[in-house]
Amino acid sequence: MYAFRAFKAKVFSMRARVPLHPMVTRAAAVSVVGVGVSMCTKLAISEGSSGDNFSVNTLMGIGMESKAEGWFSSFGSSARKLKLDHITDWRDNKAIEHPLLRRESPLCSNFANREEYVLLPPPGQNIHRRDQDSVWICRAGPRKDIYFDPKKTKAAIVTCGGLCPGLNTVIQGIVRTLQFTYGVEEIYGIPLGYSGIYSREWHKLTASDVRDIHRNGGSCLGSSRGGWDLERIMDSLQSKGINQLYVIGGDGTHRGAQKLHEEARARGMNMIVAGVPKTIDNDIPFLDHSFGFRTSVGEAIRAIESAYTEANGAPNCIGLVKVMGRQAGFIAMQASIASRCVNCCLIPEMNIDKDKFLLYLKDRLEKKHNAVIVVAEGAGSTLCSAKDSLGFDKSGNPILPDVGIWLKGEISKFMKKEGFEYNLKYIDPTYMIRSVPASADDQLLCTLLANHAVHGAMNGFSGFTVGQLNHKFVLVPISEVTKKSRKVNTKSRMFCRLLLNTGQPDFTPDGKQ
């Protein structure tokens, strides 16, 4: 800003002597601002290897140190670095030359630096907000040194939790990268989640074994919840001499992976643990989005379009669609916006007055004679009252009814009370949207996530999960992503876009806005 003012003053002084066309002055001013923004972006995206703090050495080199330092250095200066654990923290593993260094150009020269980081939030994003913590996150990619001898490395892959589009692509990507990029010969697939580590026979995998699995939904290894037994899992991994464990799963699975990493370190094992986050709910913090999410949104849109067709095929007809989203409404929100035919979207993050919603629905039918409603499975947490509870779980939390079936019943009771004739078509694509093969976009994301998970593991990092941040791939400590889940911010621009596209009013109970 100071540089711009100085430049502007100089231009005005020149104009006093030599007339200049206004467009020339404007173009020159824009150029100065552009250079400043470009430099700021470059500095904020990649931190050098000099240390944790932001540096303005580049600015000083062009003579802007005195006045630009204060403004530019505000980006990333107070950000904390998310440090990754490394196998050399507890083992004396020696660095080995990366196999790609023996390959042709550009493969032999395209490496990430050990101290290369990505800034969150990116420079210039929501700069008016001061409540956002800034963090540096390690950039993913191959590095010149690896810490496992590929010929002696034993790797294992396990998928846990529910199904998700792209699981097979991630498995395939890990196997292919280990075999073709690094030359690892012993790769094992563990069946049916954590319990399979100690209770089932493992399958040896090669690239030819997984050649076509990306064409299918689900997981070729099978997946399950539960089966957690730290001692039995670690004893099995140690007895089999596993050096790299790749864990594909959601937040619960990752909490288990963090414990495995900590136990491997405590035992001094020559083993790292790498995660690949899997959740169609897209509730993993830091990352742009998790794999399978966009495929699920696409499948949800198909169900919504069917509901729209039904709603327009009968008088006063409601098309009601329930989609996944137990604690986060990202699928419902984005599918509603993208489909362009939803009149009301209800998600867990909203505080919903049921009576307000029902009155709006009746008014919509009276005026337009049709309505398309999308509800996320977790929206019952605010829609349903305590009297609707089906009891309590072991933690004391109320067990809520299926929100789609419940809402259908509530609509029926309300319309009957009002004496209003209507039709309702209910569609529940819950398991359909998670069991399909990945879309082209998710196939690409899954492949690259698998590539970078292997690069991170061979580099010697442990206790990390891989993801995409600001369109760049990063390695995030598992301990950070399991602290809390991401949810839809009902004050955000994206939520405002939802309201604008659906045209729905505010359903917040009176006095709680």
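The views show a predicted model, in which local features need pLDDT of at least 70, side-chain atom pairs count only at pLDDT 80 or more, and totals for chains, interfaces and linings use all residues. Residues are numbered from 1 along each chain as its sequence is written, and side-chain values use heavy atoms, with hydrogens and water left out.

**View 1**
The space in the largest cavity is about 30 Å³. On a 1 Å grid over the protein atoms alone, a cavity is a set of points where a 1.4 Å probe fits but cannot get out, whereas a pocket is an open set with protein on both sides within 12 Å along at least five of seven lines; lining residues have an atom within 4 Å of a point. Grid points are joined across faces, edges and corners, and a volume is the space filled by probe spheres set on the points. The lining consists of P277, L287, H289, S290, F291, L445, L449, V466, G467 and Q468. Two or more of the lining residues come from each of α14 (440–458) and β17 (464–469), and β17 gives the largest share, three residues. Helices (H or I, at least four residues) and strands (E, at least two) are DSSP runs, numbered from the N terminus. By class, the lining has six nonpolar, four polar and no charged residues. Ala, Val, Leu, Ile, Met, Phe, Trp, Tyr, Cys and Pro count as nonpolar, Asp, Glu, Lys and Arg as charged, and the others, Gly among them, as polar.

**View 1. The second largest pocket.**
This pocket has a volume of about 910 Å³. It is lined by 32 residues, of which G162, R225, D251, D281 and R326 are the closest to its centre. Helix α8 (residues 251–267) gives the most to this lining, six residues. The lining of the second largest pocket divides into 12 charged, 11 polar and nine nonpolar residues.

All seven residues of β14 (residues 370–376) are buried, that is, under 20% relative accessible area, with exposed meaning over 50% and partly exposed in between (1.4 Å probe, protein chains only). One side of the strand carries N370, V372, V374 and A376 and the other A371, I373 and V375, so that both faces are covered. Strand β12 (residues 317–323) runs parallel to β14 and is joined to it by seven bridges; two strands pair if DSSP finds at least two bridges between them. In this pairing C317 stands opposite N370 of β14. Strand β13 (residues 344–346) is also parallel to β14, with three bridges, and L346 stands opposite V375.

Six of the six residues of β10 (residues 244–249) are buried. Q244, Y246 and I248 lie on one side and L245, V247 and G249 on the other, and both faces are covered. Strand β7 (residues 154–159) pairs with β10 in the parallel sense over five bridges, with V158 opposite V247. Six bridges join β10 to β11, again in parallel, and the bridge partner of Y246 in β11 is A274.

**View 2. The surroundings of N93.**
N93 is found in the loop between β2 (85–86) and β3 (96–97). It is buried, with a relative accessible area of 14%. The N93 side chain reaches the backbone oxygen of Y147 at 3.1 Å. Leaving out residues up to four places away in sequence, N93 touches I87, T88, Y147, F148 and N270, where contact means heavy atoms within 4.5 Å.

Most residues other than glycine have a negative phi, and most peptide bonds are trans. The peptide bond between S105 and P106 is cis, with omega of about 5 degrees, and P106 is placed in the loop between β3 and β4 (117–120). L192, not a glycine, has a positive phi of about 60 degrees. This residue lies in the loop between β8 (186–190) and α6 (195–199) and is partly exposed, with a relative accessible area of 28%. N282, not a glycine either, has a positive phi of about 60 degrees. The loop that holds N282 runs between β11 (272–277) and α9 (293–311), and N282 is buried, with a relative accessible area of 3%.

Key: A polar contact is a pair of N or O atoms within 3.5 Å; within protein, one must be able to donate a hydrogen and the other to accept it, and residues adjacent in sequence count only if both atoms are side-chain atoms.
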